[in-house]
Amino acid sequence: MNKNVPAPRKNISRRPIGANVKVRSATPATMVSLSVAEASVPAGEQAVARSAESVFMRENSADRREEVADRREDAADLREETADLREETADLREEVATLRDKAIRDNEDAAYAKAVLGARTEAQLREANERLLVAMVNAQAMTVTAEQATEKMSYMAEHDFLTGLPNRALLTDRLSQSIAFALRHGKKVALMYLDLDHFKHINDSLGHEVGDQLLQSVAKRLQACVRLYDTVSRQGGDEFVVLLPEVDERQDATLIAQKLIETMAQPHVVRGHSLHVTLSIGISLYPDDGKEVETLVRNADTAMYQAKKNGRNKYQMFTPDMNIRAVARQAVEQALYHALEHREFVLYYQPKVNLETGAITGAEALIRLKRADRRLLPPAKFVGIAEECGLIIPIGRWVMHEACRQTQTWLQAGLDIGQIAVNVSAREFHSNEYIAGVRAILADTGLDPRHLELEVTEGVLMQDTEQTTSILCELKDLGVQIALDDFGTGYSSLSYLRRFPINTLKIDQSFVQDIDGETGEALVSAVIGIGASLKQRVVAEGIETQQQVDFLQSRHCGEGQGYFYGRPVAAEEFAAMLAADACNS
Ligand code: C2E
Ligand code: MG
Ligand code: MG
């Protein structure tokens, strides 16, 4: 799809939130929830799948074209043969005429010639006529076959081979017809862009054949939800578009969208698996949201992306401000590519302190992006986008390498930093080769793994618990520490605290900053209690006031971090802090 205003692309994976794809075996009653790796759609895999699909289509079309060409050639041969026979017949007729003339001229031989001619020409003419007839029948049959092949070829050019639904080309055609009709009759047209949530996870975990069958099942269900004159088309991958050519008002479209979402909620039984899949839908209307095919498709796609951002399994009408955001997002994405290439990221370090002694126990490495005007862009402005487009993987690798390298330099300079904490996003954590990357960085920088702590959020742990357990155990075996960041803001399931090897709980700053209120104090006390009973270190984040320090000390919270002790600073400044800390202790 050619887009003037850059909209979020499918092959740039969108940001997944929670897990709403559940896969369970139909026979055993047990259900396994498959939480999905953060935006686990590596651009490469989606692109490869699409390109394989299009190669298949192209090959198929090429075969068809060749077949049609063969048929046409056969038909041409037969026509040529027919023409030869006609010529032969004409020659015979000419010969008959010549002989007849001769017979008339030669009265003496007339009777004889007539007899000879009659017998000869009659037999030859009959034979020629018969051959002519056979050739004509064959030519007709060939023409029919060629026509059928042509028809099949044009059907294939307009339909999706997997689901049999109209494809993008036919949808575009129908959409332009609908727009023309709506223009004449003062009607509206609704376009819905649909994307299956976390479909990739099903493909990855159960295989492409199951994925394909699920897509077929989804296609059937979508078709069953709409009217005969509506169009359900497959755009490729797990993206579908529904065209409602005649709607009177917005609500007509939202009602159908709601119906599609509800219908999709029923499980799809594929090869003994009961698969739950949800839909995110974006809706654009003609003429309100665009007057041209391209604009309507692009805006529906943008709205669908927004539906994903809002939590998936939802529909979202397009609004013009979405385009402004999409453009801004695109600008950040470009800046991230540029920054990676030109090394424009920088790490800041914020101290963690022992709340009793005030001594530095470690630092958290926090990324910033250096802008052209030399101002720093905070992570809140770009980490989410980097996660969505997959760039967080190379960025995260750079962060870990730089943090380990810097820590090793400080240690070698005699500055005891304790531990360096590095934030790890779910997408990185669940990416292939994550552990291999950690090992390689430790080996390359020479940092003792005991000095490295990885900060993960509850969301990371809740995804694919089996894989999570095995990664965490490998990290533990390596000697790397694990901290649970922003504790209390996630799924709040305490069972994983026992299940996973977690060394540190970081109380989210929202609770610490609410210490003055009743609930804040109660929650902070509860987390400190949990940490103590599980023998985990507890770090209170976002400490800004003496009152908060006093409360935390009264509750025996071990460590703290916040502006009260020091803001995140550049490496040189942090080295000075470390040196001063060493002098004080
Ligand atoms: P976080 O890991 O919870 O980091 C703590 C954030 O709280 C930091 O914001 C820090 O500057 C801020 N903070 C610390 N003390 C105080 C305080 O007393 N008051 C207030 N209001 N804020 C305080 P920052 O650096 O903007 O980072 C925001 C988030 O971005 C981080 O939250 C983390 O989730 C993410 N992030 C930062 N660096 C990275 C990174 O390298 N990789 C990944 N994946 N995420 C990162
Ligand atoms: Mg953190
Ligand atoms: Mg935090």
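Reader: What makes 46% of the 585 residues in the protein chain count as buried?

Author: Buried means under 20% relative accessible area, with over 50% exposed and partly exposed in between (1.4 Å probe, protein chains only). In this predicted model, 46% of the 585 residues fall in the buried class. The model's local features need pLDDT of at least 70, side-chain atom pairs count only at pLDDT 80 or more, and totals for chains, interfaces and linings use all residues. Side-chain values use heavy atoms, without hydrogens and water, residues are numbered from 1 along each chain, and chains are lettered from A and ligands numbered from 1 as written.

Reader: What about E541?

Author: Its relative accessible area is 7%, so E541 is buried too.

Reader: How do you know which residues coordinate the magnesium ion (ligand 3)?

Author: Donors are N, O and S atoms within 2.8 Å of the metal (3.2 Å for Na, K and Ca); water is not among the atoms, so sites may look incomplete. Here D485 (OD), D486 (OD), E541 (OE) and E541 (OE) sit at 2.1 to 2.5 Å. They qualify as donors. Their spacing along the chain is D-D-x54-E.

Reader: What makes D485 and E541 a tie between parts of the chain?

Author: D485 lies in strand β15 (residues 481-487), and E541 in the loop between β17 (537-540) and α18 (546-554), so the pair joins parts 56 residues apart in sequence. Strands are DSSP runs of E, at least two residues; helices are runs of H or I, at least four, and both are numbered from the N terminus.

Reader: Which residue coordinates both magnesium ions, ligand 3 and ligand 2?

Author: D485 does, and the two ions are 3.9 Å apart.
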